[in-house]
Every structure is written in C-alpha cells, then in structure tokens.
Amino acid sequence: MRLSLFKSEDFGGFIPPHSYTFDEYLKERGFLTFTKTKQVLSPYVRLNLFSAAKYDQKKYIENKDKLIEYYNSIGYRDAVIERDTVVHNSTGAINIDIQVNEGHKYYFGNITWRGNTKYPDSILTQILGIKKGDVYNLDILNKKLGKSGASEDGDVSGLYMDDGYLFFRTDPVESAVYKDTIDYEIRIVEGPQATIKNIRISGNEKTKEYVIRREIRTIPGDKFSRTDLIRSQREIAQLNFFNQEKIGIEPVPNPDDGTVDINYKVEEKSSDQLELSAGWGGVIGLTGTLGVTFNNFSIHNIFHKAAWDPLPMGDGEKLSLRVQSNGKAFRSYNFSFTEPWLGGKKRNPLTFSVYNTKFANAYNPATGTYTSSAANHSYLKTTGGTVSIGKQLKWPDDYFSASVGVSYVVYELNNYYISPVSLPGFNNGFSHNLSLKLAIQRSSIDNPMFPRRGSNFLASLQLTPPFSKIDPNLVNQSNPYAWIEYHKWRFNGEWYLPLTKATGSDHKQLILKAAAKFGFLGRYNPLLQISPFERFQLGDAGLSNQYAIIGYDIISQRGYPVYQTSDPKVNPDQNGATQYFTMFNKYVLEMRYPLSLNPSSTIYALGFFEAANGWYDVRTYNPFQLRRSVGIGMRFFLPMFGLLGFDYGIGLDRYTPGASLKDMSRFTFMLGYEPE
C-alpha cells in the first residue's frame, strides 16, 4: 500500500498525464461508482492486495495485439498503434504510453454468397446472423463462418461438416469499401462429401477398446460429422477413465478416395477409490471404515487367473464394497455392482445393491460403559436391496435417459423408538418398505469432474402400494407402518456456464453453477400420518449421517446445523432432529475456479450462496421463507480417495443481536461424495 499527500508528476513519456480532478468527480457523481472513486484516489492512495505485476516484454507485445483486436471488434478496422514507450520513473515503477490512431468506425454492408450449391443464400445468411448496419467485427465473421473455432450457436462450417463436407472451406473477401460501410463476398468451396473409413484408438493401456468404441458416434461407412466428433469426445470424457484434458481426435482425410480416417488418442488415469480409516474409541471399541470402488472392473474375467493384474479390469463395470464400524454402537455393510451396457449393444445400465446396518443403544447406564449385551438389547437393524435398469432415450434428444428400480427394505426394531413423534408406541417389531422408483434424467455436462458447460436434470417418483387402501384395518393396528406407504417426488436441476474465456494449456476459466432442488413426500390415506420413513433431513454437511438408517434424504446446507423447524431464525446447535421434513426447497449459486486440472489432483476453489428450508405440509409451504448462507470452500479430487472438500459457511439467518461471526458460521467437511 502506498499513501501520499502529494501526487507524483513524474511521467517521463510523450503523453502528459491527465489527472481526474475532485471537481470532475463531484460533478459526475463519481462517488456512486467504484471505478471513478478509485481514479480520483489513485494519485494519492495505491493499494495492492497482492504483489505488483512485473513487466514482461513478451506479454506486453501480446497485449498490444489484443488491444488492436479489441478495436477491430468494435468496428475500428484501421486502428493502429502509432508509437509507444516504456520508461522508468523516479519511484522505480514503469510508465507506459501508447498512442493509438483509431481510424474510422465501420459497419457491415451487403453480404453475398458465391459457390454454394448445397444450401441457398437465405439459409446461409440466417446462420451467419450478421445484418447490414451491424458494427464491423472480423472476429464474429470468422466465428460464424467456422474459421476460428466452432460457434456455440452454430456456424456455416458446422452446417456443411455435419453433412460430410470435410473439405469445405470459405474465403470472405471485401468486395467494396465506401464511407463507413464494408461489403463482403463469401466464396465457398464445398468439395466432395467424405465417408468415414477407419477408426483407430490408441493409449488405452487398461481399458478395453470396445468400451471406448461403443461410446463413439463416428461409425465407419457414415458421412463425416463434426457434431458427432464433438459428441464422441464428450462421451469418452464421461467414462472418467481418461485424462479429459488430453483426449485427442485427429481426422486424417484421404482426398484420393473421398474418405477420412479418425484417430482417437487417450491417456489412462486412475479412477478407482480407496477409503480407509481406523481408530480406538475407548469404551466404544474399534471404529473404522474400509471401502473400495473399482470404476473400470471386469466381472467377466473374475475367474480368469491371468486377468488378475492386480485385478480384472477394463470392461467399464463398477464394483463397490464398504464396511463401516463405530464399535458396539454402529456397523454397516454395503455392496453394489453396475453393468453400464447390459447386453453389450445398447446403453442400458443395470445396478444391483444390497446393504445391512445396525444402530444400537450400546450404552449401559448401570456400568457407565458400552457393552455388547446393551447393544443386543436395544437396536435398529436395516436390511435392503435394490435392482434398477436404465435406458438411453432418443427423444426429445439422446441426452435423455430413463430408469426404473425396485427396492425392498426391512427395518427390525428391538426396544428401540424409531420416531417418538410419529410412532410413540412402536419400539418392537418389523416395518417393510417395498417401493418402485421411476426416474428420467437429462445430462449434457461436458466433464464429470469439473463441468464447464451443460446441464443436469433429474425428476423421479418413488412410490409404494397403497396398503391401507387395500386393507383398511391397517390404520387401527398398533403399528400402522408394518408395510410403509408413501409417494415421494424429487426434482434436481443444475446448470453450468463459463463466465470467462479459457486460458492456459489446461483451459482454466471461471464457472458459474446454478442449482435448484425440490422434494415432496405424500400419503395415500388421510387417516394416517405421513410416513416417518423416507423424509428429508436438512442442514449441516450430511457427513455424520452418510448412511441414513431409516431412509432419509440428506439435504445439506452449509452454515447451518441440522434443523427441524420452518422458522429460519430458529437454529439450535444440534446434529440431529426429533422429526424430519416432508417438503423442501433448495437453491444454490456457486462461482468455481480451477487451481489444478491435472488428472492426479483436480482442485478448485469456490464461493457460494445457498437458500433452503423444509416444511411439514402444503398449508405451511412458503417457497420464499428460506434460510440463507454464503461462504467459500475447496474441492480436491484424488484418484485413490475420491472427493475431499471443506466449506466455511455463514448462516445469514443465524444472526441475533450480539452474535459474533463465530456464532453464525460452521466448517463442514465432505469425504467421498458431494452431499445434496
């Protein structure tokens, strides 16, 4: 920071500096803007939050070129730098003077087409999107022609290349320049249509070639298509077996026979995950977690000894095993398997999972210790399994998929009150949860680890048979939830939008994520309360209740503890609740910036704003009555350990008179997965 009572008049260049006076500042109401306030204070106060930028001759030359490019983009086609100088002043800093001749501002005139036989002028003009009278911008012209990369809203080159015209090219020529107007003639060479001949794949040292080939949209014998090429790159990236930044696609034209070979090059990365922790909880006993996830497994080769190197891998299947123990108080076993292409011909994922958990009141008040006898006297056991199958859809587009799943869960209670509020007299017996889940999803994100663009939508309905309608006597039983009944509706939506241009070799850019989530749990019979199972827990990070024992959907909210009232101002510091919500809303805005996109360690920083709340019935539902929070965080994706992350959140509605920042804030941690 530099503070001076006298501004420096040492400029040393050929352009005398113009000081922004205080009178001009007041006359223009500069105090209403940060830029003008900074301009009037700059000669006296200079604040550098970080070290001052160093002069770099190479970057200076590059930035001069960018300056001219900027002038060209706003119509000043003839703008030039007439002279510039770099001089050291008496303070040791550098002054730079640049004299620019802007020239005239130009506009587009008439644009005509020549050489096009496939498409008429009207279609090409519509795709080009440049009208007579628009400000002259050569960069936009080249982008809309497809000469400088694909335009997000379509370009002329893409129109032709998606129909096989690989050898297509354009040559925009200024046909007339008069006053401030420039006419263009765009000369087209369509060339012949190219047919795909050979597809070659290299770099897949572990993944079998057919796993990659089945994801590719470019098929030998089809016409060449740039869109299929881009989509193939996305699908390979979605496998998450390869370094997304180094997926290479090289079309090799064969002009002699009008064909094209396409070479795909990938670089394998580790995608398996290991979760390992252990400790001694004193009177509780041994605590720990052991979990492994193999994301590129081969169940087909599990009995082939030669394939164990060290494990049978490469078929793109997913196998997960997890054992967790909290001594005598809790233990959990989980197993799941996914075959992403059931039958091998279409993307029909089949998933099978089973689990068993036991949560016990292992504390013996008579001895003041945790004992096995106490754990066997009061406990809740949960045993369940799920089978689901999905299918990729072609309508409305092939980003959509649908799935159907059947789940069966048995809850065994032994001297254990599962819900003192909803089931005050039920502490022994069994509850059964037989449900069908239907889901439809659309995912167009470009990268599963760090999405830059695209969206992800999921709508689902989970429902049980209406047992109390089939047998009305169930309502009067001591345990009306021997067979649980409900219908649960969920919607999740996420959008990703780049806010800055990609920079550097790894294409870093600032990303905005926006998300909205909704959930509703309903009942069939008004004589029964809404099911105490399958509700929504809101607040905290969800880490402490990662495996909810009675089927709660855990909806995290950074900056808040777990809460059980819809009043945003009531937030006692607690890790659980006596009852959970039947409805919720959640909205998220995140600004993300990658610090490393290396496949061995993907790291990004984020800032967030969240708003969420839960309700118990439709009558009290108020989508504008939300708990709000802001904060910052970090995410680390490590190949062997998956996701590691932390957030520092400030609950804005936790503020009370006299409360400190510490009273309003919470650190939250996540391990292995990103909570909802």
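# Close-up views of a predicted model

**View 1. Asp257 pairs with Lys197.** Asp257 and Lys197 form a salt bridge, with the closest N and O atoms 3.5 Å apart. A salt bridge here is a side-chain nitrogen of Lys or Arg within 4 Å of a carboxyl oxygen of Asp or Glu. Asp257 lies in the loop between β9 (248–254) and β10 (259–265) and Lys197 in strand β8 (residues 195–202), so the pair ties together parts that are 60 residues apart in sequence. Strands (E, at least two residues) and helices (H or I, at least four) are DSSP runs, numbered from the N terminus. Asp257 is partly exposed, with a relative accessible area of 41%. Lys197 is partly exposed too, at 42%. Buried means under 20% relative accessible area, exposed over 50%, and partly exposed in between (1.4 Å probe, protein chains only).

This is a predicted model, in which local features need pLDDT of at least 70 and side-chain atom pairs count only at pLDDT 80 or more, while totals for chains, interfaces and linings use all residues. Residues are numbered from 1 along each chain as its sequence is written, and side-chain values use heavy atoms, with hydrogens and water left out.

View 2. Strands pair if DSSP finds at least two bridges between them. β8 and β10 run parallel, joined by six bridges. Ile199 stands opposite Ile262 in β10. β9 pairs with β10 in the antiparallel sense, over seven bridges. Here Pro251 has Ile262 as its bridge partner in β10. β9 and β10 form a hairpin with four residues between them. In the turn, Gly258 has a positive phi of about 70°. β10 is mostly covered, with five of its seven residues buried.

**View 3. Lys64 meets Asp84.** The closest N and O atoms of this salt bridge are 3.4 Å apart. Lys64 lies in helix α3 (residues 57–73) and Asp84 in strand β3 (residues 80–88), so the pair ties together parts that are 20 residues apart in sequence. Lys64 is buried, with a relative accessible area of 18%. Asp84 counts as partly exposed, at 29%.

**View 4. Arg442 meets Asp397.** In this salt bridge the closest N and O atoms are 2.9 Å apart. Arg442 lies in strand β20 (residues 428–443) and Asp397 in the loop between β18 (379–392) and β19 (400–414), so the pair ties together parts that are 45 residues apart in sequence. Asp397 is partly exposed, with a relative accessible area of 23%.

**View 5. Salt bridges link up in a network.** The network includes Arg558, Lys586, Glu590 and Arg592. Glu610, Arg635, Asp647 and Glu674 also belong to the network. The structure has 41 salt bridges by the rule used here.

**View 6. Nonpolar residues gather in cores.** A nonpolar core is a set of buried Ala, Val, Leu, Ile, Met, Phe, Trp, Tyr and Cys residues joined through side-chain atoms within 4.5 Å. The largest has 28 residues. Leu380, Tyr411, Ile418, Phe533, Leu538 and Ile550 have the most contacts inside this core. β19 and β24 (536–538) are the elements that give two or more residues to this core. β19 gives the most, with three residues.
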